[in-house]
Every structure is written in structure tokens, then in C-alpha cells.
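Dear colleague,

I am passing on the structure below, together with notes on its side-chain contacts and surface. Please read the notes with the coordinates open beside them.

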Amino acid sequence: MRFHKIANVNKALDYIASKGVKLVSIGAEEIVDGNVKMTLGMIWTIILRFAIQDISVEETSAKEGLLLWCQRKTAPYRNVNIQNFHLSWKDGLGLCALIHRHRPDLIDYSKLNKDDPIGNINLAMEIAEKHLDIPKMLDAEDVVNTARPDERTIMTYVSCYYHAFAGAQKVRLTIPWLENRTPEKTMQAMQKKLEDFRDYRRKHKPPKVQEKCQLEINFNTLQTKLRISNRPAFMPSEGKMVSDIAGAWQRLEQAEKGYEEWLLNEIRRLERLEHLAEKFRQKASTHEQWAYGKEQILLQKDYESASLTEVRAMLRKHEAFESDLAAHQDRVEQIAAIAQELKYVPFKGLQCSTLTSSLIHTIQLSVQYFQYSALFSLRLCSSVRLTAYGDLISAHDQFKATLPEADGERQAILSIQNEVEKVIQSYSMRISASNPYSTVTVEEIRTKWEKVKQLVPQRDQSLQEELARQHANERLRRQFAAQANVIGPWIQTKMEEIARSSIEMTGPLEDQMNQLKQYEQNIINYKHNIDKLEGDHQLIQEALVFDNKHTNYTMEHIRVGWELLLTTIARTINEVETQILTRDAKGITQEQMNDFRASFNHFDRRKNGLMDHDDFRACLISMGYDLGEAEFARIMSLVDPNGQGTVTFQSFIDFMTRETADTDTAEQVIASFRILASDKPYILADELRRELPPEQAQYCIKRMPQYTGPGSVPGALDYTSFSSALYGESDL
């Protein structure tokens, strides 16, 4: 009836308006009455809003953005110059170039002929329809033979290429990006990678989680409505099944987990290497200062002209050198070990192999200082090594406790030097001012002592800063753990409650729906806790804290659990929605629905909302089925068409309604055919082949009589007579 048609169209218009589409002067009456101009205008408005308006390339959008995308993608191709959406596409090369740019395996562009525009356009449309799921929207002859092809038609068709390639490219590039484990050479570069990963997790992935969940819901709802209408199930193209998407999503999450672990390990490695590099610089610098000039002293031949007394002094001096050399040997080995670890890692201004080799060679040629002054000098030098990152406060306190004793030794040395100078002056001795028994001068001792006095407070400050940092890190650990230890169990509890509710919930389905939606809202309201935990986790990563003994939960556990919780509640709500659709379409009473639920729960041994094959077989036997293997296999093909090994409650309801419902009446069959025929009193063979499985379509075409009533066209088939003959006389 006209009233019903107008009501149906109004529902569609209300939905379109809810998406922000302004429908000016377009009403349901004009569309029902067949106003072609109004209908075409509405269709273009819908296309513009849902297919073109959201296109964005750099800072351009909609038509300009789509045109810029086409220009960039086809720029390298000969004979292609895209300037508009009419004349630029007449030779078909633009369409072929778009396909070849993204899928070079589908088309050989080098073999295309600019002088065969119809062939080029048809080739592009055939490939797009077969491999890209883009329906044919153009007529090649119209495009070529029209002086100016319709811009809107071309734009609509080309936008399908954008959505097929641009969107798919983002998906295809995500996993390779996560699988790219090329390490960077600096901490800053790795921190940039980590920030990019956080940005992906925080901004780009959450909408995709919602899209994936909504896709599953839409698919399940569509399949339910098709079953209710006695129409064949929708079969997505290869690689786009729900199971394919779930598998790809699982691979994405595995790649995410591996990428994050790799990032953190690399940052930890670079942090250690930077620490080692700094440690190497300090140790190497200290020992180079110690070794400076030693080789020249060894190469001197002053012993050749020295007296016996002088030679004895030189011998004692040489023995002191040897003793000091032995004391430095362990430190040289430490430097060599650090250099070996840093050997394959380039650090700016640090040539480990050359420096270490030169240092060892120099030290091996060096001789030992006079023992007393050398030991004191060594004590002063040790204060420089204590400035290295990571020394304990207690070690520093112990060192500070030795400073009074060291100061006493320093003063004793200076006193001895003063006595020597007094003796020389008193007796007017003409001897060298340098001490023949030591290379350590008084000036060196004074310089090193002043340096120690400067380094001690600096070391105090560094240790206190490090202690404060460790305390801050511990606070971050405890803060994260306190929240994670609440959120993790909360998510687990909600998952268990949802699982129980799907099994134990009773009462009218509408009441169950309201309960679940309220439950969903409570879950959504908890989101701010997840966001706060994400913020704490980011602070922990920025502080380079990689362990937390206060909790067993990681941010990865929380993220996966949260996404699963949102998906589970949405899926559970969708199951109730499909049950309502099935109930209303099949005329099932609430009492029958409760009986179905009780039977399903009884044989669901694992209480997970699924029956395995053995559970379902036991259920059938309890209902009196005499099952052979062939019959059971046939039934399983109905309730588990995808071979998942389980039977859902929705599949169970479908099976039970088929088994318990009365045989279809002629009126029901006629109503189904009327839907397929778009309300025409007849149906065409092509419509049957398009809507029904091949065997069923052929059966109907072979047995349906020709339609001879009003409005008949060649090939029209009379589905009313056919249905009446099969199911009895119609009351219509």
C-alpha cells in the first residue's frame, strides 16, 4: 500500500538526515510517486555524503581531494593527464593507470592502446568488478561517444577506486610498519619510534576496533534478516569473510606486541650503551692523562752519563714505575672490555678500538711513580672514577671518610717538599729542582686536590638526584600497579558477568536488551580509568622503567582485555537483537524462547554459550532424532556452515524454528517472491538467478508458468500460480 511505502521511505530519509545530510525539497511522496528528478538528486546527495565528502588528501577534501589523489597516482603514466572528472577519463587510460599503480599484477599497462578507449574502459571495469568488488557503473560507449561525460557519474565511479585502494593501503601498511625492526643509532630516534607507536595506539587503532566490532554485528544482523526472508546467505568475496578479518586482526595484535617489546628492548640497549660509552670516555681520559709523557721518559738514555748514585736513584724510580704499572693493569683490562662491547656500535667522537690500542701500548711502555706520592695521586684520581653513573651512595660516603686522612698525607708531602727546598737554599746546592725519584710534582698534587674538592659536592648532588629519580620511578610503579590491580580484575569480572548473563538471563527479550545496554553504558563510563592508566604507562615508559614488581598486569594485558570486553558486550547485544528479529519473524512466543534457552543451557557443558558437536548430538538424541552419520552431517552443515566446530544459540534457534514451525503457506512464499521481484506481479529469470542458489533458481525457472497479466514483459514468470500449485490454493 502507498501508506506503507511512504512510511518505509521516511525511515530511510530519517536515517540519512541523522548522518548530517540535508535533504532540501525531497520528500517520501515524491520518491514513491516516481519523481525521477527528485530521486536522482537524493541519490547524488547520498553518494556525495557517504562516498566523496570524507575523502581527504593533504589539506583538500571531497572533489578537490579526490582529483588530487588521481593526479598523483597517475602522474608517472604516459598519455594520462587527469584535470577533471569528464574529458580526462574518456580514453580509459586513467582508470587502467589507477589499477596498475596499486595492483600491477592485474593489468599490463604497456599493452594498452590509447586509440581503443572502449576496450580500455571495459577492461578496467571488468578487472575492478572481478578483483576489487567495484560494480560496473559506466557504459563505455556513453563515456566515449558523449562530448562531455557526466561528471557526477565519473566522480562516483572513481571514488570507489579511492576507497578500494587508499583504505586498503592503510591496512596493508600497518603490519609491515610494525614488522619493520630496523634499529636506530640514537636514543632520540628510538624515542620518536615509540612516540609514533603510542600515537597509533591512542588515535588510529581505537576507531578500527569499533569498526571491526560493528562489521561483525552488521554481518550477523544481515545474515539473520536474509534467513528470515528465506533468501540465500550473503557470501563476502574471498579474503573478506569475518573469519579472515578476525585472523588479520590477530596477526595485527601479534605484530603490535612484538613491535612494542622490540622498541623497549632497543631503548634499554641504547641506554646501556650510552652509559658504557660515557664510562669509557671517563676511564680512557683518566688513563691517558696518567700515561702522558711516560714513553718519552722511558726512551731517555740519561743513564749513560749518570754516576753510580744517580743510576741507583733511577733504578728505584723505575721500580716505582713498574709497581704503578701493575696497579693500572686491571683498569686497562676494564677499558678494553668496555671497548669490545661498544666495538660495533658507532658513537659520535668515540673510536674505541684505536683509542684502547694506543692507550694499552702507551701504558705498557710507562714506568711506575715513586711509591708514596704515586699512591696519593692514585687516591685523588679515584675520585674522578667515582663520578661515573651508578656508583652507590655508601661507596661515596666511604670515600669522603678517607678525605681527612688524604689531606694529612697531602700536607705531609708538601712539608717534605718544603724541607727539601730549605736544604737546597741553605747549602746553595746546584741540583735539579725536580725529584729524581718521582715524576709527580707538587703542582700536580695541588691541582688534583682542588679537583677533588670540586668533584665531591658535584658527586653528592648527582647521587641525590639519582636517588630522587629512583624514588620517583618507584612512585610511578606503585601508582600504575594500584590502578592496574583494580582495572584488570574489574575487566575479568565483567567478562564473566556477561558470559553468565547470556546464559542465565530470563524474561522478555526487550528487557534483556535494556539490561545489556545499561551494562554497556556502565562499561563505557569506565573508560576514563583506562585513559588514566594509559597516561601513567606513558610516564613510566618516558622514565625508561621496564619492570614493575608490584603488579602482574601490563598495559598490553589491559588494552587487549578492554577491547575484548567492548567487543563481547556489543556481540551479546547483537545476539539478543537477532533473537528479537527471529522471534518476530517466526512468530515464536516468549515461552518457546525460554524453552529453547533452557534446552541450550542444559547441553552447554562448558557454560560458554556454545555447544560443541557432541553436545549438539546429545541434544538431538534427547529430542528423539534417529541420527546416522550422514543425517548428522547434514544438520551440522545447517547449524555450523563455516565449520567452526560449535553451535551458537542463534543457530540453535534457527534450527528449532525450522523443525517446530508449520510448513510455509502459499501466502508466505508469494510474499517472499514479491520481495525478490521488487513488488512486481511477476519475476524475471535473471532476478531468480541473482537472488537464489543456482539449483533453486533453475528449479523455479523450469516450473514457473509464463505471466500473462497486466504489465507483462517478455520472459515474465508467474510466481503466484507457482506458489499456489506448490503450497495449496492462496487466499489472496
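Val36 is placed in helix α3 (residues 36–52), where helices are DSSP runs of H or I with at least four residues, strands are runs of E with at least two, and both are numbered from the N terminus. With a relative accessible area of 55%, Val36 is exposed, a word used here for values over 50%, while buried stands for under 20% and partly exposed for what lies in between (1.4 Å probe, protein chains only). Together with Leu40 and Ile43, Val36 makes up a nonpolar patch on the surface, and the three have about 280 Å² of accessible area together. Patches are made of residues with over 30% relative accessible area and no salt bridge, like charges being joined within 9 Å and nonpolar side chains (Val, Leu, Ile, Met, Phe, Trp, Tyr) within 5 Å; the areas come from the Shrake-Rupley method with a 1.4 Å probe, and for residues only the protein chains shown count as cover.

Before the contacts, a word on the source: this is a predicted model, in which local features need pLDDT of at least 70 and side-chain atom pairs count only at pLDDT 80 or more, whereas totals for chains, interfaces and linings use all residues. Residues are numbered from 1 along each chain as its sequence is written, and side-chain values use heavy atoms, with hydrogens and water left out.

Turning to charged pairs, a salt bridge is taken as a side-chain nitrogen of Lys or Arg within 4 Å of a carboxyl oxygen of Asp or Glu, and by this rule the count comes to 43 salt bridges. One of them joins Asp612 to Arg606 at 2.6 Å from N to O; Asp612 counts as buried at 15% relative accessibility, whereas Arg606, at 53%, counts as exposed. Another holds Glu497 and Lys494, whose closest N and O atoms are 3.6 Å apart; because these residues are three apart in helix α17 (residues 442–504), about one helical turn separates them, and Glu497 is partly exposed at 24%. Lys136 and Glu129 also meet in a salt bridge, at 4.0 Å from N to O, with Lys136 partly exposed at 43% and Glu129 likewise partly exposed at 39%.

Trp490 and Tyr526 have ring centres 3.6 Å apart and planes at 10°, so the pair is stacked. This pair links distant parts of the chain, Trp490 in helix α17 and Tyr526 in the loop between α18 (509–525) and α19 (527–542), 36 residues apart, and both residues are buried. The rings of Phe616 and Phe655, with centres 5.8 Å apart and planes at 75°, are edge-to-face. Since Phe616 lies in helix α22 (residues 613–622) and Phe655 in helix α24 (residues 649–660), the pair ties together parts that are 39 residues apart in sequence; both Phe616 and Phe655 are buried. Ring pairs also join Phe197, Tyr200, Tyr259 and Trp262 into a cluster.

Finally, Arg597 lies over the face of Phe649, 3.7 Å from the ring centre, and Arg617 over that of Phe632, at 4.0 Å; the criterion is NZ of Lys or CZ of Arg within 6 Å of the ring centre and within 35 degrees of the ring normal.

Technical notes:
Phe/Tyr/Trp six-rings, centres within 6.5 Å; stacked < 30°, edge-to-face > 60°.
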